[in-house]
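Biologist: I would like to learn how to read a model of this kind, beginning with the overall layout and then turning to single residues. Could you take me through it?

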Amino acid sequence: MSLYLEDGMKKYILGFCLLILSVSLGAENLVSNATVSLKASIAVQDISIDMYYENGVKQDEEFDGLLSFEFPATDTWQVEQSVYFTYSSNVATTSRGVLSFTISPLKKNDGNILNTSIKLESENVMTSIRDGNSFNIGFLTGPQTKVAIGKLTVVVSKTSSQVFSSGLYSGSITLTFTNEA
């Protein structure tokens, strides 16, 4: 039995055979069945805020912060101490947050209450001061590390007309962070 093919048909069959050969050669490099298993985790650290004292020491997370003042023995005086705040973040979208401070004055008892106030300062273009007692912070997307928020200064003062008893005075500052995403 003989097979007779026209020239056009020979080219067609030859082209078809070459195509099958090239597919079979290329298929050797392909994996016919593949199972892909991905195991990973993303550690989410949205926003963390750290406090540093004037001497650069970071506030330990296990203990409350402590500022100590020594008052001079003069008619009038003003003493102050500052703490600094930084943040680290890894947010998916740009967001805002507010770090607010509520202060109770230094006092020994109801008759001995010292003039106590706070001052906020920031050089960060993404941070503004709101109502004199809050940092309004802008958080950029992606990882941000130790970005300066600003400085909180506690100011304690006495005028010449005020008389206070000697002894231990205590007060507090409460920090509240609100995410305004």
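**Reading the fold and its backbone**

Modeller: The chain has one helix and nine strands, and, read from the N terminus, the elements run α-β-β-β-β-β-β-β-β-β. Please keep in mind that this is a predicted model.

Biologist: What share of the 181 residues in the chain is buried?

Modeller: Buried residues make up 27% of them, while the accessible surface of the chain comes to about 13000 Å², with 55% of that belonging to carbon and sulfur atoms.

Biologist: Is Asp131 buried or exposed?

Modeller: Asp131 has a relative accessible area of 71%, and because the cut-off for exposed is over 50%, it counts as exposed. Lys146, which lies in strand β8 (residues 142-158), also has a positive phi, near 50°, and with 56% relative accessibility Lys146 is exposed.

Biologist: Which side chain makes a polar contact with that of Ser100?

Modeller: Ser100, placed in strand β3 (residues 95-109), is joined through its side chain to the side chain of Ser134 by a polar contact of 3.0 Å. Leaving aside neighbours within four places in sequence, Ser100 is in contact with Asn133, Ser134, Thr174, Leu175 and Thr176.

How values were computed:
Residues are numbered from 1 along each chain as its sequence is written. This is a predicted model: local features need pLDDT of at least 70, side-chain atom pairs count only at pLDDT 80 or more; totals for chains, interfaces and linings use all residues. Side-chain values use heavy atoms; hydrogens and water are left out. Helices (H or I, at least four residues) and strands (E, at least two) are DSSP runs, numbered from the N terminus. A polar contact is a pair of N or O atoms within 3.5 Å; within protein, one must be able to donate a hydrogen and the other to accept it, and residues adjacent in sequence count only if both atoms are side-chain atoms. Contact means heavy atoms within 4.5 Å. Buried means under 20% relative accessible area, exposed over 50%, partly exposed in between (1.4 Å probe, protein chains only). Accessible areas come from the Shrake-Rupley method with a 1.4 Å probe; for residues, only the protein chains shown count as cover.
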